[in-house]
Amino acid sequence: MNPAANYILEKPEPYRSILLHLQAVIEHTVPEAKLLFKWRLPCYYIGKKPLCYLNCTKDYVDLGFWNAAHLTKYTECMVAEGRKVIKSLRYFSLDEIDQKILVEVLKEAYELRDRKFYK
C-alpha cells in the first residue's frame, strides 16, 4: 500500500476522518494532484511542484500550503504559527471544515502553483 495512504489510515479518530475528508476534497477539486509520501507526510504534487501536505500532529490536522505567500483568499483562516512562508488550514474536528473555504483555497493554490516559494 502507498505509504501516504498508510499514514492516513493508521491515524486514530477523529483525525483519520478529517484526513480522509481532506483527501477526498483535494482529489475532487484538483484531480491531477498526485498523492506522494515526502518528508514522512502525505503530500500532493502537480507534476514536480508541491501543492499541499497533510500533517496530523498534537490534537489537530494541518493542511499546509507551500505557496501560501501568494494566497489571498481566506488568509484570516490560515495559521502561520512560527513558519515564515508556509500557512495552513487547521482542523480539530470534522465539523470545523468549511467546505467553501477549503475548496476556494485549494483552487487558488492550484492557480498559483507555478509561483516561486517566496514572494
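A residue counts as buried when its relative accessible area is under 20%. Trp66, at 13% relative accessibility, is therefore buried. The model discussed here is predicted, and it holds five aromatic pairs.

**Pair Tyr7–Phe37**
- The ring centres of Tyr7 and Phe37 are 6.4 Å apart and the planes meet at 55°, so this pair is classed as tilted.
- Tyr7 belongs to helix α1 (residues 3–9) and Phe37 to strand β1 (residues 34–38), so the contact ties together parts that are 30 residues apart in sequence.
- Tyr7 counts as buried, at 11% relative accessibility, whereas Phe37 is partly exposed, with a relative accessible area of 34%.

**Pair Trp39–Trp66**
- Trp39 and Trp66 also form a tilted pair, with 6.0 Å from centre to centre and 50° between the planes.
- This pair links distant parts of the chain, 27 residues apart: Trp39 is in the loop between β1 and β2 (41–46), and Trp66 is in the loop between β4 (60–65) and β5 (87–91).
- Trp39 is exposed, with a relative accessible area of 61%, while Trp66 is buried.

**Charges over rings**
- Arg90 lies over the face of Tyr60, at 3.9 Å from the ring centre.
- Arg113 is placed over the face of Tyr110, at 3.9 Å from the centre of that ring.

Methods: Residues are numbered from 1 along each chain as its sequence is written. This is a predicted model: local features need pLDDT of at least 70, side-chain atom pairs count only at pLDDT 80 or more; totals for chains, interfaces and linings use all residues. Side-chain values use heavy atoms; hydrogens and water are left out. Rings of Phe, Tyr and Trp (its six-membered ring) pair if their centres lie within 6.5 Å; planes under 30 degrees apart count as stacked, over 60 as edge-to-face and the rest as tilted. Helices (H or I, at least four residues) and strands (E, at least two) are DSSP runs, numbered from the N terminus. Buried means under 20% relative accessible area, exposed over 50%, partly exposed in between (1.4 Å probe, protein chains only). A charge sits over a ring if NZ of Lys or CZ of Arg is within 6 Å of the ring centre and within 35 degrees of the ring normal.
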